[in-house]
Amino acid sequence: GPALLFVKASQGKEEGRRFYACSACRDRKDCNFFQWEDEKVSETRLAAREEYNRKHQPSFTHRQNVERYKNFVLLPLSKRRFCQECQQLLLPAEWEKHSDHQFLCDISTAQLKSPSQLLCPLENKKTNAQYLFADRTCQFLLNLLIDLGFRRVLSVGTPRLHEMIQLKASQEENFKVRSLLLDIDFRYSQFYTEDEFCHYNMFNDYFFGGEAARETCRKFLYEDNGERVIMVTDPPFGGLVEALASSFKKLMTMWKETGKEGHDDKEMPMFWIFPYFFESRILDFFPSFSMMDYQVDYDNHTLYKHGKTGRRQSPVRIFTNLTPSMIVLPVEEGYRFCTICQRYVSSGNQHCEICNSCTSKDGRRWKHCVLCKKCVKPSWFHCNNCNCCALQNHSCEKTDAACFVCGKAGHKRSACPSLSHS
């Protein structure tokens, strides 16, 4: 989809040179697209780019994949094969073409209903970073959504939550929750219809299926006059918060346009799942959001696991525009309700009388620094040279670092008053 506009800054200069680069890949090795904003592109180069894009299209369209799936499920178990190298369901006529590849055979209906476990996660941190919710987190989220009365979930980059909702809907007659998956991983088109999955890039709000796919999303949001729907998103943690926030606001605007009276001054309910250290960036774009203490964990991430102690705990949290007191966290996992803050907090998060808040972000008990006038991590100590709290063995020389643009201390380039923020 469309590229994003970036700025290449030069030290000491207020104005940097602007350029376009890939919205999804942060490494030129994965996508070498680069173009200066003021650059004139030749017809030859445009033609070469079109040809490159054409060659990198998927083998089948979404509609073709849906038809292939229908034929696949009619096959006897002995003829159901999945190519692990191509990450593709194979029909018998295609076996020979993949004869030198690794197969998975006897693909059961249960496996087809759980594609996130059949497909290999894409774990390139600078491109896909496809980490999948652990069952504990998935079950908690689904139970919470049901308890809060939601009946439709716009699952943006949360394939495992979508999968659990789809599975329960097929097994339980009284299960009324539905989900629409928006994801950049086109492999899911092999398992879901065009009403269940849209190929989507959350960094530039791009629907690869064009206006028809956007209309599918719009219709999903419009049902029940836009009531009882929530967006749940789990973006790659290396992604630009600005780009993500821009896309999410566009999806929220789509919801506002449902015409429901009173939507003009409301936001679509949302869970944005992201590490706690991005809190200030998210609040810059969504001031109505607050961060919950619940630790989100992942099956295929070595660090982001629930139940570890100290700094080894998962830093991933839920940011939401729902009233914090409504988000009930599991007491059996040590969460408790703070009557002063009117929200659930982790067991180590003690209420600070001076800050008048439960201040811990990482699950450990934080301590109040009188000089900093705020609570800080337990491993931090006040440094008189830096005039702030930091690790005991930190390097004070960092305090001399100045802004990359204006050369003055006290702020970073992104917050430089010399820059135009338009």
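## Close-up views of a predicted model

**Figure 1. Overview of the chain.** The chain holds nine helices and 22 strands. The model is predicted. Of its 422 residues, 43% count as buried. Among contacts in the chain with a separation of 6 or more, 55% are between residues 24 or more positions apart. The chain exposes about 23000 Å², and carbon and sulfur atoms supply 50% of that area.

Figure 2. Three strands form an open sheet in the order S5-S4-S6, and their pairing is antiparallel. Strand S5 (88-90) and strand S6 (103-105) are at the edges; each has a single partner strand, so one side of each has no neighbour in the sheet. Strand S4 (residues 81-83) runs antiparallel to S6 and is joined to S6 by three bridges. Within this pair, Cys83 has Phe103 of S6 as its bridge partner. Helix H2 (residues 62-74) packs on the sheet and touches S4 and S5; the direction of H2 makes about 50° with that of S5.

Figure 3. Five bridges link S12 and S14, which pair in the antiparallel sense. Trp272 is placed opposite Phe319 of S14.

**Figure 4. Helix H5 and its buried residues.** H5 (residues 135-147) has 13 residues, and the distance from its first C-alpha to its last is 18 Å, close to the 18 Å expected at 1.5 Å a residue. Buried residues in H5 are Thr137, Cys138, Phe140, Leu141, Leu142, Leu144 and Leu145. An α-helix has 3.6 residues a turn, so residues three or four places apart point the same way. The buried residues of H5 pack against strand S7 (152-156), helix H6 (159-171), strand S11 (229-233), strand S12 (270-275) and strand S14 (316-320). Just after H5, Gly149 has a positive phi of about 90°.

Figure 5. Pro330 belongs to the loop between S14 and strand S15 (336-338). With a relative accessibility of 12%, Pro330 counts as buried. Beyond its neighbours within four places in sequence, Pro330 contacts Phe140, Tyr294 and Tyr335. Pro330 and Phe140 are 190 residues apart along the chain, yet their C-alpha atoms are separated by 8.3 Å.

**Figure 6. Asn349 in a loop.** Asn349 sits in the loop between strand S16 (343-345) and strand S17 (351-352). The relative accessible area of Asn349 is 0%, so this residue is buried. A polar atom of the Asn349 side chain lies 3.3 Å from the backbone nitrogen of Thr359. Apart from neighbours within four places in sequence, the residues in contact with Asn349 are Asp293, Arg336, Arg343, Cys358, Thr359 and Ser360.

Note on methods
Residues numbered from 1 in each chain as written. Predicted model: local features only at pLDDT ≥ 70, side-chain atom pairs only at ≥ 80, totals over all residues. Heavy atoms only, no water. Pairing = 2+ DSSP bridges. Helix = DSSP H or I, 4+ residues; strand = E, 2+ residues; numbered from the N terminus. Contact = heavy atoms within 4.5 Å. Axes fitted to C-alpha atoms, helices over the stretch in contact; angles between N-to-C directions. Expected span 1.5 Å × (residues − 1). Buried < 20%, exposed > 50% of the residue type's maximum accessible area, 1.4 Å probe, protein only. Polar contact = N/O pair within 3.5 Å; in protein donor to acceptor, adjacent residues only side chain to side chain. Areas by Shrake-Rupley, 256 points an atom, 1.4 Å probe, with all protein chains shown as cover.
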